[in-house]
Amino acid sequence: MPTDITISTDKPEYRTSGLIAVTSGTAYTTTEPTTTAPSTTGQNFLIPTNLGDKPSLLRLAPFCGAAVAPTSATFASGGLRVVGWSIYTQTGGTAFYVPTVLADLALGLTTGTVQTELVNGVAQYPFSTVTVGTGVPTVNLYSPGTASASNVEPCAALIDTIGMQYVQLQFKATATVSTPTMGCFWSTL
């Protein structure tokens, strides 16, 4: 008689970057080798590394925010870049941080009614389309809005981060809404 096989995997809860202010039309932060450790500054969010885990995959569900509900016309050209950082220790002992772009994602809102999620009492609006830029490693995407522009389900991405000592999320957008913000639910596997 056949025996059922059960495969157990981690099912980590999402964490959040919170909402990070973005200046409309501002490009990603320059990413180049440096002696300065990556951090959460400006339009960047550094995923905490004090959690004791060494993730190999990063699961993301991006969202945006604004003073009024955004639309695909008022919150256009959203972008999320995932940068992994590795350390080279120089002969003098100084750390040198070397970046690798792991994903360059273009984000969009549905042409239908954008969902509103109240998270910790703050309105957030999930992106429903995601596409990956050329020239970056393989990224697994869930993008319901790509198939149907009026689809309101949130998009998601799964990114390989194996071997990275730090992982940073960088946000950008072109928005005509006041006080545009962006963020991401994230979990490591």
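**Entry 1: T110**

Does T110 count as buried or exposed? I looked up T110 and found 3% relative accessibility, so T110 counts as buried. Buried means under 20% relative accessible area, exposed means over 50%, and partly exposed lies in between, with a 1.4 Å probe and protein chains only.

Before going on I noted the basis: this is a predicted model, in which local features need pLDDT of at least 70 and side-chain atom pairs count only at pLDDT 80 or more, while totals for chains, interfaces and linings use all residues. Residues are numbered from 1 along each chain as its sequence is written, and side-chain values use heavy atoms, with hydrogens and water left out.

I placed T110 in the loop between β6 (95–108) and β7 (117–119). Strands here are DSSP runs (E, at least two residues), numbered from the N terminus. I found a polar atom of the T110 side chain 2.9 Å from the backbone nitrogen of G112. Leaving out residues up to four places away in sequence, T110 touches S72, S128, A149, S150, N151 and V152. Contact means heavy atoms within 4.5 Å.

**Entry 2: strand β4**

I turned to strand β4, residues 57–65. Why is β4 largely enclosed by the rest of the structure? Seven of its nine residues are buried, so the strand is largely enclosed.

Next I listed the partners of β4; two strands pair if DSSP finds at least two bridges between them.

- With strand β13 (residues 181–188), β4 pairs in the antiparallel sense over eight bridges; G65 stands opposite T181 there.
- With strand β11 (residues 156–160), the pairing is antiparallel over four bridges, and L60 stands opposite A157.
- With strand β8 (residues 122–126), β4 is joined by two bridges, again antiparallel; F63 stands opposite P126.

**Entry 3: Y14**

I found Y14 in the segment before β1 (15–16). At 38% relative accessibility, Y14 counts as partly exposed. Y14 and W186 are 172 residues apart along the chain, and I read 5.3 Å between their C-alpha atoms. Besides W186, Y14 touches R59, A61, F185 and S187, not counting residues up to four places away in sequence.

**Entry 4: positive phi**

I then looked up backbone angles. Most residues other than glycine have a negative phi. Which value does S77 have? Phi of S77 is near 55 degrees, a positive value in a residue other than glycine. S77 is found in strand β5 (residues 75–89), and at 51% relative accessibility S77 counts as exposed.

T179 is not a glycine either, and its phi is positive at about 45 degrees. I placed T179 in the loop between β12 (166–175) and β13. T179 has 55% relative accessibility and counts as exposed.

**Entry 5: second largest pocket**

Last, I looked up the second largest pocket, where about 180 Å³ of space lies. Its lining has 14 residues, and the closest to the centre are T29, T30, P38, W85 and Q168. On a 1 Å grid over the protein atoms alone, a pocket is an open set of points where a 1.4 Å probe fits, with protein on both sides within 12 Å along at least five of seven lines; lining residues have an atom within 4 Å of a point. The volume is the space filled by probe spheres set on the points, which are joined across faces, edges and corners.

How do the residues of the lining divide? I found three nonpolar, ten polar and one charged. Ala, Val, Leu, Ile, Met, Phe, Trp, Tyr, Cys and Pro count as nonpolar, Asp, Glu, Lys and Arg as charged, and the others, Gly among them, as polar.

Notes:
Polar contact = N/O pair within 3.5 Å; in protein donor to acceptor, adjacent residues only side chain to side chain.
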